[in-house]
Amino acid sequence: MSLRGFLEGIQWLFLGYFIVLNSIYLGLAFTALFGLRRYMKGISAAERVYSHLQMPVSLVVPAYNESATIATSIRALLQLRYQHFEVIIVNDGSKDDTLAVMTREFQLQPFPEAYRVQIKTKPVRGVYRSLTHPNLRVIDKENGGGKADATNAGINAARHPIFYCGDADSVLDPHSLEHVVRPFLEDPRTVACGGTVRIINGCVVRGGVLEKVGLPRNPLALVQVVEYLRAFLGGRLGWSAINGMLIVSGAFGVFHRDTVVAAGGFRADVIGEDMEMTVRLHRKLSERGVRYRVAFIPDPVCWTDAPEDLATLAKQRKRWHRGLAESLWENRKLCFAKNSGSAGWLAFPFFVLFELLSPVIEVGGFLVMGTAFAIGMMSGTSFLAFVAAAFALGVMLSTTALLLEELSFHTYPKARHVFALFVVAILENFGYRQVMSVWKLDALYGWLTGRRILWGDMKRKANWQQ
Amino acid sequence: MNSESNAPQRLLIVEDDVHMAYLLGYLAERERFTVETIADGRKAAERIDAGPAVDLVLLDVMLPYTDGFELLARMRANPVWKDVPVIILTSKTREHDAVRALSLGADDYLTKPFSPPELVARIRRRLHRPPEAPQRPTRKKKRTP
Amino acid sequence: MDLNTGSDLVVTLAWRSAQVAAIAAALMLATALIVRRYLQWQERLHARVIGNWRPLLTQIAIEEGATPELPKLPARHLPFLMEEWNALHDAVRGESSTRLNDLALRLGFDAAARHLMNSREVGKQILAIRTLGHLRDPTAWKSLQEQLVSVNALVSFYAAAALVQIDAQRAMPGIMLQVAERESWPGEAMARLLVDAGADVAREPIRALMLSLAPAKVPPLLPWLAHVDAVLGSEVATELLKRHGGDDHIVAAALLVLLEPSVLPDLRHYASSADADIRKNLALAIGHLGDLAETELLMQLMGDRVWWVRYRAAQALLKLRGMTAEGIEAVRARLIDPYALDMLKHVRAEESLG
């Protein structure tokens, strides 16, 4: 094959990839748009009918060395606007005085809980119950097995039909539980439900409760605001409309307890255990021919802390991408499986081609064309045309998410917020996304070569606490 | 009607539905009460712990954060609030709530939707005795109307 | 020679897509901003309408013979006012409702609601349905009947509520049909609807429905229908147990709504059912209705392999009529099964925590 032919092939591949990728995203965004409009229209009427309906929920929250913030986090959980829920904190063998702080703040009493082991975990040292809050229990277990193992211990103790699992430092919207139980009430076949996660940096939080929404000053966090909007409102909502929600975010997921127990609980040997769980539920349930639904609600239910420095962000993204790779690989049988519906036939191949392998094509495409341009094999205009196409399509996608946000929740109060986000939506295409691709490529390489990922504790900026 | 003193009596409304709260406030102001409205259970609990008692409380059961039962128990356990008359507001399908409220020490209950003249009559009956009278008969469980 | 000539097509395509995408992005930003302005304008208008009308509506609702001067009512204010009127209507009954209805008729709500009924927006349709229901407008009967079978569960639910307001008795057959066929009506909301209709109106239709339904449909409905009339629920449950004593789901549901202690002896054999739900619900039923005669059975259930059965059985043991502290101690002394002993300890600890 001639060099020229090769180059042309690359160009077609690159352009075709971008057009197909963006068309799919755009298609998802429009599916989301219609879903969202229907959702918003029905919401106030639904609220009146459903307002007195409650499905009891267990909140399972693992905590490891969080003595500084644990009391605030628990108070915030206990203040959720919901009548019927229990909070189960799993102290994952913290080395600091997390347990002592909880004991002091909530008057924990050792309790002879008739604890049943349905999912095997590291040994549980004791169960405590709060005297101040009857719906608060603490499971004290030995460390090991990470968040997955701790969550499993919490699930063993959970009493309600559905459970939420999340991080102690995520801030839940006061109405989050009301919203998230609705899919379970409306359709008893629902086995999992995700919700929109937003960035908390720049917001005012007091006592673990969100008081005022704002945008972060830190540019890196600001870009992530747009990124999250795109991922949740554009992508997930669209997928959920066709029951192809392959992945429920780790920061906010609600699961049907018995289904998760039957699937064997969270796996301690993968990196993105929450991601893996949803893919596995899809696989197992479609293998068994069970009719089920994985739902998503567009309401902003959870606010999470975004990394504000490159090193932390890199670590997070590499972990996510590796988690994605593992989740898909471990459940590869879902792909094109019988009865797997849009999850196996659309979402799975899409995630492999356009999420998992995207860094290869993006970085590869830019490299090849950049080299061709540099050595004079490609004219400036052609090169520019490709770069422009890639950027413009990216910008368009980000603006779609902004539009979706405006049509639904308009969380951000001021018009200047929208402008700021729009500017960021343009700018993120110049550098940020490319850096993401490189990190993802690195993670992919690491996964393929079996390199151990550097766990490292994610550096958190905790100044929104208090 | 009630007290002959000139100072207006104080009424606390704990209700999260804005329409209901407005309506109750309007009625109470017509009855020349000084009205205070709180829309959620947590703030109401803070108010009970911190502030001086009022002359009468209208209390919704289904409240965000802390429900009406807990608030009622909190009042009954607080020396300042323990004798303040409390009228519970509850929806028709949850009349068993009313039973529970009465056993927790509520003085009366009303189901939503309610009849305004009836509520006014009940409030008046509760406040027949001047609130500053030194020894008000202790009211524990009261008959249902 | 320019190496690019061969790839002209792909380059042109790249340029074109860049242009299209850029224009689309600009359009979307513009739309976002317009939508924002529009919503802000709507919000302000809403606040103004409420500010003007809320005091007036309230005054009319509670003051006899109040004839406040009414502000002008442009068509675009009407939906906001209607919402407000409906919300107030939901709060009051008696004379106040009548006065609110007089006002609504004066303002032409009936015609406006019939017009809104044809709207394609679910929210507007529901607003219309609620309005017609509160107005108790018998001429709306036919169109409400049509909405009752709407594919949208909420629309049909509100239509049912409106029909009940207009004529509960006449509405029952149609509603019962929906209760039987729809799975999408939230149970508690349905119970509320039937309570509004009045237990005396709803009782016999419910009994007839429950005894004629396909067995698979009974279990989710039973608890809610029992909520409308507990005695009826218990009677129906007793009858269902006789007819479908082998259907696990029905038995489990029926056990929860029984009120009659005299049926307990006939149910004891369910303690060895293979279905854990049945064993758990049996323990619950014994807790509500049983006396010391059930002690042995509960001791057996406290050794069950399912946690919830053990838990409910131990709770029931403490609640048995006639049970005393000494009685519990005596049971404890006789228990050998470590699971049962653990569970007894658990529920007693729970009880002492309050």
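Biologist: Looking at the strands of chain A, which residue stands opposite A:Val61 in β2(A)?

Modeller: Opposite A:Val61 stands A:Ile89, which belongs to β2(A). Before we go on, please keep in mind that this is a predicted model, in which local features need pLDDT of at least 70 and side-chain atom pairs count only at pLDDT 80 or more, whereas totals for chains, interfaces and linings use all residues. Residues are numbered from 1 along each chain as its sequence is written, while chains are lettered from A and ligands numbered from 1 in the order in which they are written.

Biologist: How many bridges join β1(A) to β2(A)?

Modeller: Strands (E, at least two residues) and helices (H or I, at least four) are DSSP runs, numbered from the N terminus, and two strands pair if DSSP finds at least two bridges between them. Here β1(A) and β2(A), the latter covering residues 85–92, run parallel and are joined by 7 bridges. They belong to an open sheet of 10 strands with mixed pairing, whose order in chain A is β3-β4-β5-β2-β1-β6-β11-β8-β12-β7. At its edges are β3 (108–110) and β7 (171–172) of chain A, each of which pairs on one side only.

Biologist: What is the order of the strands in the open sheet of chain B?

Modeller: Chain B has 5 strands in the order β2-β1-β3-β4-β5, with parallel pairing. Because β2 (33–38) and β5 (108–112) of chain B stand at the edges with a single partner strand each, one side of each is left without a neighbour in the sheet. From one strand to the next the twist averages 20°, where angles run from 0 to 180 degrees between N-to-C directions, and axes are lines fitted to C-alpha atoms, for helices over the stretch in contact. Helix α3 (residues 68–76) of chain B packs on this sheet, touching β1, β3 (56–60) and β4 (86–91) of chain B, and its direction makes about 155° with that of β3(B). Within the sheet, β1 (residues 9–14) of chain B pairs with β2(B) over 6 bridges in the parallel sense, and the bridge partner of B:Val14 in β2(B) is B:Ile38.

Biologist: What is the average pLDDT of chain B?

Modeller: The pLDDT is the predictor's confidence in each residue, from 0 to 100. Chain B averages 81, and 81% of its residues score at least 70. Over residues 129–145 of chain B the value stays under 50, and the model has 18 contacts beyond four places in sequence for them; two residues are in contact if their C-beta atoms, placed from the backbone, lie within 7 Å. Where pLDDT is low, the predicted coordinates should not be read in detail.

Biologist: At what angle do the axes of α8(A) and α9(A) cross?

Modeller: Two packed helices are described by the angle between their axes and the distance between the axes. The axes of α8 (residues 273–287) and α9 (residues 310–330) of chain A cross at roughly 25° and come within 9 Å. That makes α8(A) roughly parallel to α9(A), since angles under 35 degrees count as roughly parallel, over 145 as roughly antiparallel, 65 to 115 as roughly perpendicular and the rest as oblique. In chain C, the axes of α14 (residues 276–289) and α16(C) come within 8 Å and cross at roughly 10°, so α14(C) is roughly parallel to α16(C).

Biologist: How many residues of chain C are in contact with chain A?

Modeller: On the side of chain C there are 43 residues, in contact with 47 residues of chain A. The most comes from α1(C), which gives 19 residues. The chain C side divides into 28 nonpolar, 8 polar and 7 charged residues, where Ala, Val, Leu, Ile, Met, Phe, Trp, Tyr, Cys and Pro count as nonpolar, Asp, Glu, Lys and Arg as charged, and the others, Gly among them, as polar. The contact between chain C and chain B takes 14 residues from chain C and 13 residues from chain B, and α2(C) supplies the largest share of the chain C side, 4 residues.

Biologist: Is the peptide bond from B:Lys112 to B:Pro113 cis or trans?

Modeller: Most residues other than glycine have a negative phi, and most peptide bonds are trans. The bond from B:Lys112 to B:Pro113 is cis, with omega near -5°, and B:Pro113 lies in the loop between β5 and α5 (116–126) of chain B. In chain A, A:Asn65 has a positive phi, near 50°, in a residue other than glycine, and its place is in the loop between β1 (57–63) and α2 (70–78) of chain A.
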